[in-house]
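Subject: Handover of a structure

Dear colleague,

Please find below the structure that I am passing on to you. A written account of the findings comes after it.

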Amino acid sequence: MITARTAGLVSCHFCHTLSKLPKNMEANSVIHCPCCQSSLHSRHPDSLRRTWALLIAALILYIPANTFPIMTFIYLGEGQPATILSGVMHLLESGLWPLALLIFIASIFIPILKLLTLLGLLLSIHFKTHWRPKDRTVMYRVTEFVGRWSMVDIFVIALLVALVQFGNSATVTPGIGAPAFAAVVILTMFAAHTFDPRLIWDTIETNQLDSEDNNGK
Amino acid sequence: MKSNSSNPPQIDTQISKIACPDCDLIQTIPPLSKNQIAHCLRCHATLFKNQENSINRSLAFAITGLILFIISNLFPLLSLKALGLVQEGTLLTAALSLFNEGQPLLSLLMLLTTIIFPATTLIGTIYILLQVKTNNINRYTAPIFRFLRSTDAWGMLEILMLAILVTLVKLGDIADVILGTSLYAFCLLILSLTLLSHSLNPHDVWNKLRTKNRCG
């Protein structure tokens with residue numbers, strides 16, 4: 001089991017070409033991939049710090065995203081501001097349970113799953129745990145893949161705002177919660193992007209190397 | 001299916017050694033036969049795909065997609081008929097109406113994810129694939145393709161498709177929803193985009209660059 005880093009190589013993020021890392025590299029120098037000119041890093045630079053910053057920002061914005069109304073639907077003088085949760089409850093009361101389930105998964109379940117997964121992954125690296133690295137990598141891949149689908153609620157609001165404009169009788173106006181929720185989705189997408197799953201495997205290798213050294217290799 | 005006995009159905013992956021992007025393990029990739037996928041031994045990430053005829057197929061889907069994308073933008077996607085009035089919604093009005101309602105950032109987000117990134121993806125992919133096909137790559141090929149790869153997740157038309165379905169059901173009982181001309185083109189556009197992302201093999205482009213720059 002040899003990784004690129006232990007072999008003194010660096011793999012290009014885009015084209016996966018392996019390059020030799022110069023021996024005496026200065027601290028701030030940047031090397032570029034000979035094949036696609038992308039800047040090369042053995043691990044994403046500042047991965048943990050950046051992911052923490054983006055995740056904490058997302059966690060903070062998650063509060064206004066859920067407490068403030070995302071939109072107000074007024075039909076023939078009736079209607080009140082709706083939050084994400086009250087929108088789901090309203091759909092459920094109208095008997096549209098498949099729709100309620102869909103919005104629940106996209107707007108409530110996936111964002112929470114994403115925030116908790118990223119938090120768990122970051123903590124697992126800080127505590128250098130060896131717990132199921134393969135499963136953690138799979139969790140990371142799922143998080144990265146499903147995150148964008150949370151945007152569906154924002155798109156529904158945009159479509160309703162564009163379509164339901166009938167003067168005083170029926171209007172839809174977006175609320176403060178909508179940009180906050182969109183920001184949560186974007187920040188978690190960036191957080192998943194800056195997180196480097198190779199860090200999950202690094203702790204295991206360091207340990208293997210240590211034990212090999214102890215055996216007088 | 002065309003087969004040539006002197007040519008076994010294998011492509012030169014050029015880089016036989018690859019480090020897994022998810023766990024950094026160095027592995028040797030054996031020659032792959034048609035439609036075979038190489039997975040990482042340790043974390044099961046996809047390392048390499050050998051897709052049959054991927055450049056031509058992707059080019060076909062991208063050109064189809066671009067034509068359908070233009071049609072989708074020309075006509076209304078949905079119209080709403082209520083109280084004797086008709087309100088039409090196109091791709092662009094969906095993005096711009098948020099601006100009029102005092103949400104410029106959301107409007108920009110809609111504009112980027114449903115118009116600008118899908119358009120750059122389609123035009124850029126056609127440009128790059130034509131370059132690869134005609135063996136005509138220049139110094140802009142790599143930066144453009146890197147840009148396309150990094151903005152890939154931000155084109156969200158398939159999510160808009162789901163949002164359209166939700167809107168249809170939501171508005172169904174309070175108003176008459178008229179399906180617009182563009183909606184049919186839009187459905188086909190989603191299909192070609194899905195097929196494009198499935199058939200496109202980034203290593204076709206990277207391999208060309210590796211040959212040109214004699215590296216890897």
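The notes below begin with conventions and then turn to the findings.

This is a predicted model, in which local features need pLDDT of at least 70 and side-chain atom pairs count only at pLDDT 80 or more, while totals for chains, interfaces and linings use all residues. Residues are numbered from 1 along each chain as its sequence is written, and chains are lettered from A, with ligands numbered from 1, in the order in which they are written.

**Chain A as a whole**

Chain A has seven helices and six strands, where helices (H or I, at least four residues) and strands (E, at least two) are DSSP runs numbered from the N terminus. Along the sequence their order is β-β-α-β-β-α-α-α-α-β-β-α-α. Chain A is more spread out than a compact globule, because its radius of gyration is 23 Å, well over the 17 Å that the globule rule gives for 217 residues. That radius is taken over C-alpha atoms, and the rule is 2.2 Å times the number of residues to the power 0.38. Along the principal axes, the C-alpha atoms of chain A fill a box of roughly 80 × 35 × 25 Å.

Of the 217 residues in chain A, 38% are buried. A residue is buried if 20 or more other C-beta atoms lie within 10 Å of its own, exposed if 12 or fewer, and partly exposed in between, with C-beta atoms placed from the backbone.

**The interface between the chains**

In the interface, 50 residues of chain A are in contact with 50 residues of chain B; two residues are in contact if their C-beta atoms, placed from the backbone, lie within 7 Å. Elements that each supply at least two residues to the chain A side include α3 (97-126), α4 (133-146) and α6 (177-194). The largest share of that side, 10 residues, comes from α5(A). By type, the residues of the chain A side divide into 36 nonpolar, 10 polar and four charged. Here Ala, Val, Leu, Ile, Met, Phe, Trp, Tyr, Cys and Pro count as nonpolar, Asp, Glu, Lys and Arg as charged, and the others, Gly among them, as polar.

**A helix pair in chain A**

α3(A) and α6(A) pack at an angle of about 35°, and their axes are 11 Å apart. Axes are lines fitted to C-alpha atoms, for helices over the stretch in contact, and angles run from 0 to 180 degrees between N-to-C directions. From α3(A), the contact is made by A:P111, A:K114, A:L115 and A:L118, and from α6(A) by A:V184, A:T188, A:A191 and A:A192. These residues divide into six nonpolar, one polar and one charged.

**Two loop residues in chain A**

A:H16 is not a glycine, yet has a positive phi of about 65°. A:H16 sits in the loop between β1 and β2 (18-20) of chain A and is buried, with 22 other C-beta atoms within 10 Å. A:K128, also not a glycine, has a positive phi of about 50°. A:K128 belongs to the loop between α3 and α4 of chain A and is exposed, with 11 other C-beta atoms within 10 Å.

**A residue in chain B**

B:L112 lies in helix α3 (residues 104-133) of chain B. B:L112 is partly exposed, with 17 other C-beta atoms within 10 Å. Not counting residues up to four places away in sequence, B:L112 touches B:F117 and B:W154. B:L112 and B:W154 are 42 residues apart in sequence and 7.9 Å apart in space, C-alpha to C-alpha.

With kind regards
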